[in-house]
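Subject: Structure handover

Hello,

Here is the structure for you to look through. Please open it first, then read my notes below.

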Amino acid sequence: MKEDTGKTVHLAVYDQLADWEIGHATATIRGGDRQRGPDRYDVVTVGLTGAPVTTAGGLTILPDLTLPQLKPSASAMLILPGAEGWDTDPESLSPFASAAGIWLDAGVPVAAICGATAGLAREGLLDHREHTSAAPEYLLATGYAGVGRYRDRLAVRDGGLVTAGPTAPMEFAREIFAVLDLYTPRVLDAWYRLHAEHDPSAYHVLVEGT
């Protein structure tokens, strides 16, 4: 685990996080196969406290570190998965939304999917950045002022910010990989075609790794 290096991607963890929304992204980041750079990224979990959290799938995660221990300078990206708490108790997760603003201000990428996009909207982080989510109406309920920047796409990348709707974990992962410059464009395209479109011809590109 490499907490003090820019090669570390930090995954926010909290109760009822949607396992399926971040599985492809985190496993592929840590896997290292066919990645562009010689040193693979690590993935480190970050909780509000050090207490265990339980995912929507019933898995128990013990955070590697707590949010107050983490600085943007030690991070390559902060990933915020969806969870029912973003809607039922948004104040409980607001520290992560606030952290996202600090990360973006420091030039460190942030990726948010599903309910986490509502957290960013409440923080005002989507008012001036292109973004997507479950639907414009979902974000309008937060009172945000960014509807003019809403894009009706599965995932959207605007500079260092990646957003995605709840049904787009593959597109979410693809945009995360692009921001991290994980693969060459040809390999990234092949990864998506194989895993999202089930195109067997893409496998041969991945094997070549160029």
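Start with helices H6 and H7: their crossing is right-handed. A crossing is right-handed if the near helix is turned clockwise from the far one by less than a right angle, and left-handed if anticlockwise. Helices (H or I, at least four residues) and strands (E, at least two) are DSSP runs, numbered from the N terminus.

A word on the source. This is a predicted model, in which local features need pLDDT of at least 70 and side-chain atom pairs count only at pLDDT 80 or more, while totals for chains, interfaces and linings use all residues. Residues are numbered from 1 along each chain as its sequence is written, and side-chain values use heavy atoms, with hydrogens and water left out.

The helices

Two packed helices are described by the angle between their axes and the distance between the axes. Axes are lines fitted to C-alpha atoms, for helices over the stretch in contact, and angles run from 0 to 180 degrees between N-to-C directions. The axes of H6 and H7 cross at roughly 170° and come within 11 Å. H6 is therefore roughly antiparallel to H7. The cut-offs: under 35 degrees is roughly parallel, over 145 roughly antiparallel, 65 to 115 roughly perpendicular, and the rest oblique. Residues of H6 that meet H7 include Phe177 and Ala178. On the H7 side, Leu188, Trp191, Tyr192 and His195 take part.

H7 (residues 185–195) also packs against H8 (residues 201–208). Here the angle is about 140° and the axes are 8 Å apart. H7 and H8 are therefore oblique to each other. Their crossing is left-handed.

Which residues of H7 are buried? They are Val187, Leu188, Ala190, Trp191, Tyr192 and Arg193. Buried means under 20% relative accessible area, exposed over 50%, and partly exposed in between (1.4 Å probe, protein chains only). These buried residues pack against H1 (19–31), H6 (169–180) and H8.

The sheet

Seven strands form an open sheet with mixed pairing. The order is E5-E2-E1-E6-E7-E9-E8. Strands E5 (65–66) and E8 (155–158) are the edges, each pairing on one side only. Two strands pair if DSSP finds at least two bridges between them.

E7 (residues 110–113) and E9 (residues 161–164) run parallel and are joined by four bridges. Leu161 in E9 is the bridge partner of Val110. E8 and E9 also have four bridges, but in the antiparallel sense. They form a hairpin with two residues between them. Gly159 in that turn has a positive phi of about 65°.

H3 (residues 90–105) covers E1, E2, E6, E7 and E9, at about 150° to E6. H4 (residues 115–122) lies across E6, E7 and E9, at about 120° to E7.

Thr163 lies in E9. Is Thr163 buried or exposed? Thr163 is buried, because its relative accessible area is 0%. Its side chain reaches the backbone nitrogen of Thr132 at 2.9 Å. Beyond four places in sequence, the contacts of Thr163 include Ala112, Thr117 and His131.

Asp42 sits in strand E2. Asp42 counts as buried because its relative accessibility is 9%. Its side chain makes a polar contact with the side chain of Arg30, at 3.4 Å. A polar contact is a pair of N or O atoms within 3.5 Å; within protein, one must be able to donate a hydrogen and the other to accept it, and residues adjacent in sequence count only if both atoms are side-chain atoms.

Best wishes

Conventions
Contact means heavy atoms within 4.5 Å.
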